[in-house]
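Dear colleague,

Please find the structure below, followed by a short account of what was found in it. I would be grateful if you could read the notes with the model open.

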Amino acid sequence: MEQTSTILERDFPRSASTPLTNNPTSLGFFSPRPKSTSFRRLPDDRLAQLRSQSQSPTMENSKTEEGEPSVEGRGKLRYDSIALVGRQWERGLLNSCFSRLLSSNRVTSSNGSISSSRHSAGTHGLKARQNYKELIWIKGYSGAGVSTLAKTLERAVASTPRGLLIEGKFDSKSSDEPYSGLLLAIGQIFQKLVGGKMSMRRIMVRRRSGVPLAPDGSSEMAPEEFTRVPPAMQKVASDIADALRAELGPELDLLTTMIPYLENILRRGRQDDSVRYLEQSIRNSGASTRVTDQKLREFDRSFRTLDESNLSSNGSRNVGSNDSQASDATGHDHLDDGFQAGEKRLKYAFRILMRVLSTYFHPLVLVQDDLQWADAASLDVLDYLISDMKNTNPMMIVGCYRSDEGQDKRILRAIRNLSAKSVKHQFHVTTVDVQNFSVRDVNQIVLNMLQVDNEHVTQPLAELVHRRTFGNPHFTVEFVKMLDDEKYIEYNERLSRWVWDLRMVEKLTASTDNVKDLLLRRMKKLSPDMQKLLPYAACWGSCFHESSLQLTVSEHAGINIDSDIIKSMGDLLVFLQENQYVEKIDEGTYIWVHDQVQEAALSLIDPSTTKEAFQFEIGCILFDALVKMDKTSVEVSIFNMADLINQGNVKRRPDFAQLNLQAAEKARDISALRSAAKYVSHGIKLLPSEKWENHYQLTLRLYTLGAEVELAIGHVKIMQKYYRAVVSQENCTKLDKLPLYISQFHKLSSVDFRFLECIDFVSEVLKEFGCDLIWSRFTVGWQAKYELSKMRRMIKRLPTDFHEAKPLMTKPKHKAIMLLLSKLLYACYAEDMHEIQILCSARLVQMTLQHGVHDVSGFGFTVLGMLVNKHLKDWEEASAIAEIGLLLQQRLQHGYSTASTMYTAHNFILPWTQPFESSIMPLHEGFVAGMRAGNVLFGTGCLIAQYVYFPYFLGMNLQRIMSRIPDCIHRLREMKQIESVAFLNMQWQMFKNLTGDSAESTVLEGDVFDPSMMNPFHNAETYFARLQLLIYYGDYAKAASLSTQWGKSYQKTETGHPSCMTEAFHRGVANYAMARRTRRKRFEEEALKARRLIASWSESGCPNVIHFHLLLNAEQAALELRDLKAEGLYKEAIMMAESAGLIHDAALFYERYADFLRQPHATSADKELTAQSLIAEAIVYYDEWGAKRKVAILRNSAEASYSA
């Protein structure tokens, strides 16, 4: 299967000397699971043995029913023999989905539903689509066996050569802990690859509890925690590490902080982190611009390696930034990354990670359990993973959730959204609704627990159990346990049978819909010491560690663990295991068998206190204990401590507010913005009333972070509340307010789209910092000219090593001004305010020259170069300024600014002095950097330029360009770049008209583009596309009329853009054609204007218009009836276009040459035959270009001419 990233699919090495196979089981990825407390099937051979040994029970009296068990385990309920009964249909559905995932033809059913007479499952699918994924939702009531059903896929996955199933579980006690279920699942892979002894669940429990990972108290795992891994697995780990470095580079820091074993893989055989793009030296090589097949393959290869992303926030570390430069004055190193950059970066990192992992392990099955407690960020990532159309490896995501809990509509909204995306994003959605058991199923459970094989004997008891439990599987098992504990059913040693009094059972039991009541009833029969201990174990969540239990018991309970019943904490834990309360998953680490058991245990707290107060007290003990250790211990347990303390805290303690601030900052750093907002809100509530006077820095950081994350998640009113609270403080300095100013800027620009108000706001803030940018509104034009002239003189005097020798900017005030100027520059660009743009870029350059280099210095230089190009038409000087900006950017390697700098330099400046081809790879670099850093605006600009505009200018095959557009549109829609989507749809329609895939030819309208949906902002682009169609279809009259109307304004609006070259040339062709045809002066005048414009560019050294200039000179000679001169120029222009590989231009040149020869005044011998041969050459090039409709028109015309 073709892989869309730079990773090549590798097979695991096999040899006679290596006792490993390609089966992941042999690599250690699958190990026997601990026996479950419910739903375990009795093996068929064991059932047969039991049936052969059993005897028919007899009636002892009219009141008593009995059953006879096997000799083995006589007198005890058998939990290990409970089968997964009543789920055959659901298991078959899961297996069919898995088989469909593996099927080679990838043909699925049409949209519809799959249903059963007993259960329902809706499916939404595709028709004859390839490379889709499977998304399965399994829902059911608590205790219905949803999780157990999902685990039945293990056997199917293990039967594939390279398949892998990983599972993670979310916790009700840590629902604000970001990505916990995802990290638990993904970490399992890296644990096996490095031979880690400590399971991921154990690591996460230790982190929550503050237990060090190493005996010496450090957060790093000790060497003895690792085992030696086989060579084959080492090779896979090394390849995965290399792949992640190449694809993510600096973004790996986002993942290594969350996935413990990932860092261990990266340490082994570390290689260069930088990504070396294909043909990087092409910018400076001056190589031929001919687009050869090899270069086309390189373009396609680079296209397959690119990725998008919805890649904020807010506080995330700048990609590749210099440490000394990354932070601004206030320590907010995220301010210039945009308020949603970090969230998009992390989604991007998760998507690339899953692409790499699914390349080496496929099919990859990701099971996420208890999604009703998942944080919103995890649901967003799951959406992002399953909708990744570039990942063509087979992958299945199984989401399990309860239909009776956690219905805050997040999970329901996620289901609806993903179901609606299934066809478009090529994945299949199946919903399995797990219902309660029937009487027959309950009877099977009773048979297995009592080890009886006569279903008629247990039928009345099963009916009673079903009435009491409503057929809930977990409740059924607990109910039978309760009957045994209460001696309602007993094993009669004399009769060797189970006996029960059905009437008494029915009388003494009451129907309840809550299994917790039954569990609590059993637990209250334990000793007082045990009842005291259970809540301490339950308050930690679904998992707990023995050391954390000892800490809380000794500090809080004062319980005597040396009593007669409990000799040690270990004895208690053994007791809990034997009574099916917990399972031991690792040394010292335990997991509750069900959250209902955990809830019941937590209910045993002292009646004099509330559950919330109890958890708060435990959180305080943990906080005080960890503070005494080290900062690392607090850091790894920050979410658990904050959640416990926030449960019932009514004390306004600054240290608790500080704890919530740390939790919020950590959540923000991993882009869990909603969790960060909750921690900020809790932290502010815990501040004392005199917070601004006595705890200024803590209060400022909370409000600043709150404004940032609330804006990022769309809560504008709360953001404004935080903003006003800070700016109203008289003792708050302007540097302290800077992050709030940046948040307000993002609100005005990215939420409200009020750019004029945004410009006024930033201008006023700049005045606060002593930067009065505009002298007067009335003199701004003169001031812009003066500043531009002054900066040009200063730049010309710079030494050649300026970009290396200039020190970095250090003063906080200067950094703040640079940041604000860059924001103002963006707003001026959106409003097309050229004078203020000049003032901003000039001040950015001036600040760099006077005070040192900043992250946005390179962007400031390139924008100044663009404006020099635009207003002074000095291409060489503009290119020299842009080169300085690129060198500065290369020095700092600041990802966010890289996209802006690359886009500006290679889209508006360098194409006027360098071949188009030299900008392809730098634009790709700008796109990748922008997506990694969250610079969506300029990143998508690089994307469109690299994969649509420049290939079109270079004459790439239209079908090849069109094949990329759907993927580009998909990326743009993900990033909510609606204006760019409309533009690309227009370009797509133009290509479809040329290729004949549309019913229209010169009318820019069709199945992908509706002109009525365009706004005035797109008038220039619409004109350009219409002009292309009219020129290539030979409607020169309409083309001349249209270009006369729009040509001048287009050149003014799009000054500096490479499309200006093509527009001016086509405008000249259209008017020359009409001037030669009608001999009217106005056409000749318009043609001369276009020719002079092209000539000025050519004489200034622009290599991309030389062939245009030759062709227009030929047209001028033809108009002046200088036939010999014209013929020579036509041939020279054609030769120039062919040598550069510009087949679309060459085709048009042949067509114009043929049209010249067919003029009455042409003196060439055999001119008709020559014209026909020229048309034949044009047909060949148009056909190679992909303009099929144009080819058909020319062929029909040639045949008609030949017949005549």
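**Salt bridges**

Glu1115 is buried, with a relative accessible area of 1% (buried means under 20% relative accessible area, exposed over 50%, and partly exposed in between, with a 1.4 Å probe and protein chains only). The model is a predicted one, in which local features need pLDDT of at least 70 and side-chain atom pairs count only at pLDDT 80 or more, while totals for chains, interfaces and linings use all residues. Residues are numbered from 1 along each chain as its sequence is written, and side-chain values use heavy atoms, with hydrogens and water left out.

Glu1115 meets the side chain of Arg1152 in a salt bridge, at 3.0 Å from N to O (a salt bridge is a side-chain nitrogen of Lys or Arg within 4 Å of a carboxyl oxygen of Asp or Glu). This pair links distant parts of the chain, 37 residues apart: Arg1152 is in helix 52 (residues 1143-1157) and Glu1115 in helix 50 (residues 1106-1119). Helices are DSSP runs of H or I with at least four residues, numbered from the N terminus. Arg1152 is also buried, at 1% relative accessibility.

A search of the whole structure finds 29 salt bridges. In one of them, the side chains of Lys421 and Asp383 meet at 3.0 Å, N to O. Lys421 lies in helix 15 (residues 410-421) and Asp383 in helix 14 (residues 376-386), so the pair ties together parts that are 38 residues apart in sequence. Lys421 is partly exposed at 27% relative accessibility, whereas Asp383 is buried at 17%.

Lys1089 and Glu1086 form a salt bridge with their closest N and O atoms 3.7 Å apart. Both lie in helix 49 (residues 1081-1099), three residues apart, or about one turn of the helix. Salt bridges also link Lys169, Asp369, Asp370 and Arg402 in a network.

Helix 32 (residues 716-727) has 12 residues. Its buried residues are Met719, Gln720, Tyr722, Tyr723 and Val726. Seen down the axis, these fall within an arc of 165°, so they line one face of helix 32 (the arc is that of the directions from the helix axis to the C-beta atoms). The face turned away from the buried side carries the exposed residues Lys717 and Lys721.

Phe753, which follows helix 33, has a positive phi near 55°.

**Aromatic pairs**

Rings of Phe, Tyr and Trp (its six-membered ring) pair if their centres lie within 6.5 Å; planes under 30 degrees apart count as stacked, over 60 as edge-to-face and the rest as tilted. By this rule the count comes to 38 aromatic pairs. Tyr1150 and Tyr1181 are stacked, 6.0 Å centre to centre with 20° between the planes. Tyr1150 lies in helix 52 and Tyr1181 in helix 53 (residues 1167-1185), so the pair ties together parts that are 31 residues apart in sequence. Tyr1150 is buried at 10% relative accessibility, and Tyr1181 is buried at 17%.

The ring centres of Tyr1182 and Trp1185 are 6.5 Å apart with their planes at 40°, so this pair is tilted. Tyr1182 is buried at 0% relative accessibility, and Trp1185 is buried with a relative accessible area of 0%.

With kind regards

Note on methods: Helices (H or I, at least four residues) and strands (E, at least two) are DSSP runs, numbered from the N terminus. The expected span of a helix is 1.5 Å times one less than its number of residues.
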